[in-house]
Amino acid sequence: MNKPNMETPTVDAQLDAETENRLVAAARRAVQAAHSPYSGVCVGAALLDDVGCIHDGCNVESASYGLTICAERTALVSAVTAGARTFRAVAVASNLPRLLMPCGACRQFLSEFGPRMQVVVVGPGEERHRTTMDRLLPSAFSPADLNALP
Ligand code: THU
């Protein structure tokens, strides 16, 4: 059985401009796939894994609203299904006129797979907010905590 990656990630270098642009373009494309008939908010996310592959995802809403899954978690589930376990970066885009920052659930989900992952959030224009997972979720509960029992 695959276990979560509990090692300290070693892939935390800044993205070069070309790679960041490719990741942002993938996130923007994924916005077009969003299924959001209830909120109208369309979100796309793209993850860059440690071998340079990009995995995308969009939000998928449910009429039972609480079952809705965010774009970031869709992308991660898709990436893990494809065999990826370690990620360098994630880009998030949406149809909102301002930046849509990852929600708390997505911060937890992503941070377990890359606490030092680069995060790039883009709005409709040129603006890009660059940060890291550990800045978005400081003092995170992590897989290592599960080994803390004596
Ligand atoms: N949403 C995401 O896809 N990612 C987030 O980080 C925050 C919110 C989606 C879920 C829902 O379909 C819509 O945005 C409104 O909450």
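Reader: What is the average pLDDT of the protein chain?
Author: The chain averages a pLDDT (the predictor's confidence in each residue, from 0 to 100) of 93, and 92% of the residues score at least 70. In this predicted model, local features need pLDDT of at least 70 and side-chain atom pairs count only at pLDDT 80 or more, while totals for chains, interfaces and linings use all residues. Residues are numbered from 1 along each chain as its sequence is written, and side-chain values use heavy atoms, with hydrogens and water left out.

Reader: Where does pLDDT stay under 50?
Author: That applies to residues 5-11, for which the model has 13 contacts (heavy atoms within 4.5 Å) beyond four places in sequence.

Reader: Turning to the ligand, how many residues surround the ligand?
Author: There are 13 (each with a heavy atom within 4 Å of the ligand), and the closest are N59, E61, A71, E72 and C103.

Reader: Which polar atoms lie 2.9 Å from a ligand oxygen?
Author: One is a polar side-chain atom of N59, and another is a polar backbone atom of C103. For E72, a polar side-chain atom lies 2.7 Å from an oxygen atom of the ligand.

Reader: How much of the ligand's accessible area does the protein cover?
Author: The protein covers 80% of the 380 Å² of accessible area (Shrake-Rupley method, 1.4 Å probe) that the ligand has on its own.

Reader: Which residue has a positive phi although it is not a glycine?
Author: S139 has a phi of about 55 degrees. S139 sits in the segment after α4 (133-136) and is exposed (over 50%), with a relative accessible area of 80%.

Reader: And L15, buried or exposed?
Author: L15 counts as buried, at 12% relative accessibility. L15 is in the segment before α1 (17-31) and touches E20, L23, L48, R88 and A89, leaving aside residues up to four places away in sequence.

Technical notes:
A polar contact is a pair of N or O atoms within 3.5 Å; within protein, one must be able to donate a hydrogen and the other to accept it, and residues adjacent in sequence count only if both atoms are side-chain atoms. Helices (H or I, at least four residues) and strands (E, at least two) are DSSP runs, numbered from the N terminus. Buried means under 20% relative accessible area, exposed over 50%, partly exposed in between (1.4 Å probe, protein chains only).
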